[in-house]
Amino acid sequence: MRMTVLASGSRGNSTVIASAQTRLLIDAGLSCRELLKRMALANEDPTALSAILITHEHQDHIAGLGVLARRLGIPVYLTEPTHRAWVRMLTPRTTMTYAQWLDHVQQEKQARAEAAAAQAITPTPAESIEEPAFDLAASTPASDPDEDDCDPSPSKPKADPTHLPAVEYFHSGTNFTIGDISITPFTIPHDAADPCGFVFESRTEQVRMAIATDLGYMPPNVKSALRGIDVLLLESNHDLEMLKDGPYPWSVKQRVLSRVGHLSNHATAEFLARDYDGGAHTIVLGHLSEQNNDPSLALLAAEQALAGRMSLLGNRIMLAQQAAPLPSISL
Ligand SMILES: [Zn+2]
Ligand SMILES: [Zn+2]
């Protein structure tokens, strides 16, 4: 079984989890073009993917979702609240184009004229066409900027951005299976509709991998989900001092620090020192903030927490990156 982190951080997240028979993409938080580029760099064949799984609807986890799923023609697994939130984000306030609006105005004008004629009142002869009452820019369906070179049929009218080849709903806490990978989603505390992390288990290979990023704190259900994991992608988002002194507005700092924000290096270290069972082959620290963290600080905090337990065979620590894929971790 292997984990390939294609990207991790507040500008985009995506990871491949693969067994002998099944390959899954977890989150699609970069453009379709960039995701395909990263997969090529990491020797991951996108056409071999069986499905895309989504943790939550924040942009850094879903930016390329629609285009990539349509391009590859594969199903998307997510919870129903996450799906609804994503559709809402992509559905513009009005779906009317300017041509449709002109049509609509003409039809209304005709209806008024007919009503007036029915009452034997002469309609105003030169009724002017009003300007649209809505912002035309906002009425254009949101689409990925690289839709044209990623979508298989760019010559057709723009696809419905919310269209997915197939949608499968799961519930956090309820195990499901794709191919030979068994998946257990678990609820995480984060400011999204229904966010989750995942535990993946290859029954044939007896290996368990997990992804736990985007959490405000470590609740008991996450601590217990992360027992017996061989490869763990764990959030180590910010250094508390750097965040406090950093450039973010106060409200954003409060959000990051909140119980539904992100795990600090300190919180991650506390988990590793107190609650973690020590059984992982590799721990990948991920979702590092570029503004409010320094990879060396995240690494140091985790190393200190695991003092004495790190070796080549156990508790190796790696740092996931925003700009480039990590080498695959295979067990
Ligand atoms: Zn998030
Ligand atoms: Zn995120």
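## A buried helix and an open sheet

The buried residues of helix H3 are Leu65, Gly66, Val67, Leu68, Ala69, Arg70, Arg71 and Leu72. A residue is buried if 20 or more other C-beta atoms lie within 10 Å of its own, exposed if 12 or fewer, and partly exposed in between, with C-beta atoms placed from the backbone. Glycine 73 follows H3 and has a positive phi, near 65°.

This is a predicted model, in which local features need pLDDT of at least 70 and side-chain atom pairs count only at pLDDT 80 or more, while totals for chains, interfaces and linings use all residues. Residues are numbered from 1 along each chain as its sequence is written, and chains are lettered from A and ligands numbered from 1 in the order in which they are written.

**The chain as a whole**

The chain has 331 residues, and buried residues make up 41% of them. Its secondary structure comes to 12 helices and 14 strands. Helices (H or I, at least four residues) and strands (E, at least two) are DSSP runs, numbered from the N terminus. Of the contacts with a separation of 6 or more, 71% are between residues 24 or more positions apart. Two residues are in contact if their C-beta atoms, placed from the backbone, lie within 7 Å.

The mean pLDDT (the predictor's confidence in each residue, from 0 to 100) is 88, and 87% of the residues reach 70 or more. Over residues 122-143 the pLDDT is below 50. That stretch has 28 contacts in the model beyond near neighbours in sequence. Where pLDDT is low, the predicted coordinates should not be read in detail.

**The sheet**

Seven strands form an open sheet in the order S7-S8-S9-S10-S11-S12-S13, with mixed pairing. Strands pair if DSSP finds at least two bridges between them. S7 (176-178) and S13 (316-319) are the edge strands, and each pairs on one side only. From one strand to the next, the twist averages 20°. Two of the pairings are set out here.

| Strand pair | Bridges | Direction |
|---|---|---|
| S11 (residues 231-235) and S12 (residues 282-286) | 5 bridges | parallel |
| S12 and S13 | 4 bridges | parallel |

Threonine 282 of S12 is the bridge partner of valine 231. Threonine 282 also stands opposite arginine 316 in S13.

**Helix H12**

H12 (residues 295-305) lies across S12 and S13, running at about 160° to S13. Axes are lines fitted to C-alpha atoms, for helices over the stretch in contact, and angles run from 0 to 180 degrees between N-to-C directions. S12, H12 and S13 make a right-handed β-α-β unit: with the strands pointing away from the viewer, the path from the first strand over the helix to the second runs clockwise.

Ala298, Ala301, Ala302 and Ala305 are the buried residues of H12. Down the helix axis they fall within an arc of 95° (taken from the directions from the axis to the C-beta atoms), so they line one face of H12. They pack against H11, S12 and S13. The face turned away carries the exposed residues Ser296 and Gln304.

Aspartate 277 is in the loop between H11 (265-274) and S12. Aspartate 277 has 10 other C-beta atoms within 10 Å, so it is exposed. Leaving out residues up to four places away in sequence, aspartate 277 touches Arg227 and Gly228. Arginine 227 is 50 residues away from aspartate 277 in sequence, yet their C-alpha atoms are 6.2 Å apart.
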